[in-house]
Amino acid sequence: MGITGNESVLESAVSKRHTPATRQEHAAHSSLALPENPLIKGGAAGGAWPALNFRELWSYRELLYFLTWRDIKVRYKQTAMGAAWAVVQPFVTMLVFTLFFSIFIGVPSDRIPYPVFVYAGLLPWTFFASSVNNCSGSLVGSSALITKVYFPRMIIPVAAIAAGLVDLAVAAAILVGLVFVYGLSPTWSLLMLAPLVMLTTVLAIGVGLLISALTVRYRDVRHALPFVLQIWMFASPIIYPQSVVPVKWQWVLKLNPLTGVIEGFRSALVGREFDWLSLGLAAAISFSLLIVGALVFRRLERVFADLI
Amino acid sequence: MRPIIKVENLGKQYGFGGLHPAYMTFREAAAAAMLKPFKRVRRGLPAIEERLWALKDVSFEVEPGEVVGLIGDNGAGKSTLLKILSRIVEPTTGYFELYGRIGSLLEVGTGFHPDLSGRENIFLNGALLGIKRAELQRRLDEIVSFSEIEQFIDLPVKWYSSGMYLRLAFSVAAHLDTEILTMDEVLAVGDISFQQKCIDKVNEIRGQGRTILFVSHSMSAVTRLCERVILLDKGRVVKDGPAAEVVNDYMGKSLNVTAVREWPDPQSAPGNEVVRIRQVRVRTREGDTAPQVDIRNPVGIEVIYEVLQPNQILTPSFDLFNEQGVHVFAVHDVGPKWRREPRPVGRYVSTMWIPGNTLSEGHLLVQSSVLSYHPGLRLHTREPNVVTFQVVESAEGDSARGDYVGAVPGVVRPLLPWQTDFYQTTDIAPSVIKGLSGV
């Protein structure tokens, strides 16, 4: 269809159907200032890897806020205990683990009271595992949105993680209680908890983006994930200290970024020396995963609406 | 004038069949990877051609302030085109440029969560549509009152009726202030008064000089709201021009019916040994064949038939059906000339005249028959969907529509005389008024 042909057709259409008043209006609109460059451009991208558009992500920050808020609000709607569930789950797990691993089996805990020891591991782990789990189904669960509105798709899994952060904050209250119960004197290392939580979030987003995008393509991920997370939990020093692993093999454990994070949590709580090498490695791996996750997500994002 | 929408060679291909299923499992992907070397051997097969092009080589430009209708059969690519422009799906070929923000009434109610209240959903939906929170806060009262569900606004939307739900959803979308708006069949839902509100809103948006892309299956809505229409068929643009013209073309093509139908071969013409129909057409008073008629003007349906046996008493008849398949009326020839009169062999031309201001807007399909009532009832021929014509509305206010611009329901639209009497005193009992006005 020729473009030049349309203009004459349009002219006749306008003059034929418009009453004098609306024609005048139409003329007024002609002076409507259009931007010099297109605001939105789109086209066949072929096999290119799309770049991250940070400015656009930033402009949709309100949507992130609302989706997070919705997740939190809806999660505990029509529950009798409400947000208390965020506390009950890790707390009861902590009690059970303490009973079996510490009292019955006698797992060492680096001279830290076992409940504090295991809780410091469970806190980042629960956050990480539930984040990744929620991310996995998040895109498929939002198919109604994805097939109907445009927005940076990354917001959906990131909102699922942001909602998890709120649970983490609630569950952290127990930690404060435990620290007092066991008479641990807080030190300045406690301040390290903030960057540690940030690092866990980076890791969760990286893995979450990867998992959520892959779930759209391969629904198998949903079946594999619980199993993978279970193995990952045992590959993280949550119920046992890093020191029980033979020195020769500890480097393998350190490749798991959660090792650095969890040991870091414990160091921050009891004020012991940080293992900076382990933390540095965890940070390097987490940020690498974030970049890989974001790139894979952007690459697969383009076909979400077609596949979902 | 510079275009606000520029679309160049846009194409969208959907994978079909074995090559690209909707999604692959790991096992299938692994199997596909292993089979790849063998696939290469069979590369000569037309695998690509087997895939469906939902959209192909689509190019057009839209100027600011234009209201453009997109029509076509199901699967013609209308919704795909809107989805590409809305950046929901990515095109396989080509590109587009938008010199303004695009918003959509396509996703009415998207993102609504049943457990959240109406008010909460307004904010969530607004954020999804890209309306800033401050802007939403400022216009909240306006949105709530537009939705007409003020008293339920703090209840969870799962308790809403579907009508309330829809009203609320449309209210948020209607307050989008993007330069380009897309609409996909939104007017097809809701009760009449709500549909009217939607149409009023569209007219208001149009008056603001915003550009609208409107997808609909209602040909009368498209002709009324749009000045220009693009017809898509199997993913391609087949016609682009003034609304009434394109709509009419589409109606003719899709029904394979036009305003005139001829049977040049007497053997295959509908009929029997007594009578055969040779031509049916829709005509104006001036005698022109008319695919479109002004609602105010009379329209004639003319049938040319040949009587093959002498001394037959024959009655031609017409049935009119509207777009929805409603049987608008059935008439037969009650003119005095050939009524109960045996006809000599020969050619006859009968025309039935429908006065102006009788039919509703839209397309009408004509069924043509010839019958005998004497000596016994006999149907010689009945030919459905022989011709079609479109009744178009004028905007000059002298039709039955008056000053009303929205959709007028009803199968017919007669222009009837009205009488209004005035009484100075207000204390006359209704029964007395009844007597006074003589009803």
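Strands here are DSSP runs of E with at least two residues, numbered from the N terminus. The model is a predicted one.

Q: In which strand of chain B does B:Val280 lie?
A: Strands are numbered from the N terminus. The run that covers residues 275–283 of chain B contains B:Val280, and this run is strand 11.

Q: Is B:Val280 buried or exposed?
A: A residue counts as buried if 20 or more other C-beta atoms lie within 10 Å of its own. B:Val280 has 24 other C-beta atoms within 10 Å, so B:Val280 is buried.

Q: How far apart in space are B:Val280 and B:Ser368, C-alpha to C-alpha?
A: B:Val280 touches B:Ser368, and among its other contacts are B:Arg261, B:Glu302, B:Val366 and B:Val387. In sequence, B:Val280 and B:Ser368 are 88 residues apart. In space, their C-alpha to C-alpha distance is 7.9 Å.

Q: Which residue of strand 18 of chain B stands opposite B:Val366?
A: Strand 17 (residues 362–372) and strand 18 (residues 378–392) of chain B run antiparallel and are joined by 10 bridges. In strand 18 of chain B, the residue opposite B:Val366 is B:Val387.

Q: Why is strand 6 of chain B described as largely enclosed by the rest of the structure?
A: B:Ile180, B:Thr182 and B:Asp184 point one way from strand 6 of chain B, while B:Leu181 and B:Met183 point the other way. In a regular strand the side chains alternate between the two faces of the sheet. Strand 6 (residues 180–184) of chain B is largely enclosed because the number of its residues that are buried is 5 of the 5.

Q: How many bridges join strand 6 of chain B to strand 7 of chain B?
A: Strand 6 of chain B pairs in the parallel sense with strand 5 (residues 102–104) of chain B over 3 bridges, and B:Ser104 stands opposite B:Thr182. Strand 6 of chain B also runs parallel to strand 7 (residues 211–215) of chain B, where B:Met183 stands opposite B:Phe214. The number of bridges joining strand 6 to strand 7 of chain B is 5.

Q: Which residue in the turn between strand 8 and strand 9 of chain B has a positive phi?
A: Strand 8 (residues 228–233) and strand 9 (residues 236–242) of chain B run antiparallel and are joined by 6 bridges, with B:Leu231 opposite B:Lys239. The two strands form a hairpin with 2 residues between them. The turn residue with a positive phi, of about 50°, is B:Lys234.

Q: Which helix gives the largest share of the side of domain 1 of chain B that touches domain 2 of chain B?
A: The domain assignment of chain B gives domain 1 (5–253) and domain 2 (260–392), and 7 residues of domain 1 are in contact with 9 residues of domain 2. Helix 8 (219–225) and helix 9 (243–255) of chain B each give two or more residues to the domain 1 side. By class, that side has 3 nonpolar, 4 polar and no charged residues. The largest share, 4 residues, comes from helix 9 of chain B.

Q: How are helix 9 and helix 10 of chain A oriented to each other?
A: The contact between these helices is made by A:Ile211, A:Leu214 and A:Thr215 of helix 9 of chain A and by A:Val221, A:Arg222 and A:Leu225 of helix 10 of chain A. The axes of helix 9 (residues 193–217) and helix 10 (residues 220–234) of chain A come within 7 Å and cross at roughly 140°. Angles over 145 degrees would count as roughly antiparallel. Helix 9 and helix 10 of chain A are therefore oblique.

Q: What percentage of the residues of chain A count as buried?
A: Chain A contains 14 helices and 1 strand, whereas chain B contains 10 helices and 18 strands. Of the 439 residues of chain B, 39% count as buried. For the 308 residues of chain A, the value is 36%.

Terms used. Residues numbered from 1 in each chain as written. Chains lettered and ligands numbered in written order. Predicted model: local features only at pLDDT ≥ 70, side-chain atom pairs only at ≥ 80, totals over all residues. Buried ≥ 20, exposed ≤ 12 C-beta atoms within 10 Å, placed from the backbone. Pairing = 2+ DSSP bridges. Domains from an automatic or database assignment. Contact = placed C-beta atoms within 7 Å. Nonpolar A, V, L, I, M, F, W, Y, C, P; charged D, E, K, R; others polar. Axes fitted to C-alpha atoms, helices over the stretch in contact; angles between N-to-C directions. Parallel < 35°, antiparallel > 145°, perpendicular 65-115°, else oblique. Lists of a residue's contacts leave out its neighbours within four places in sequence.
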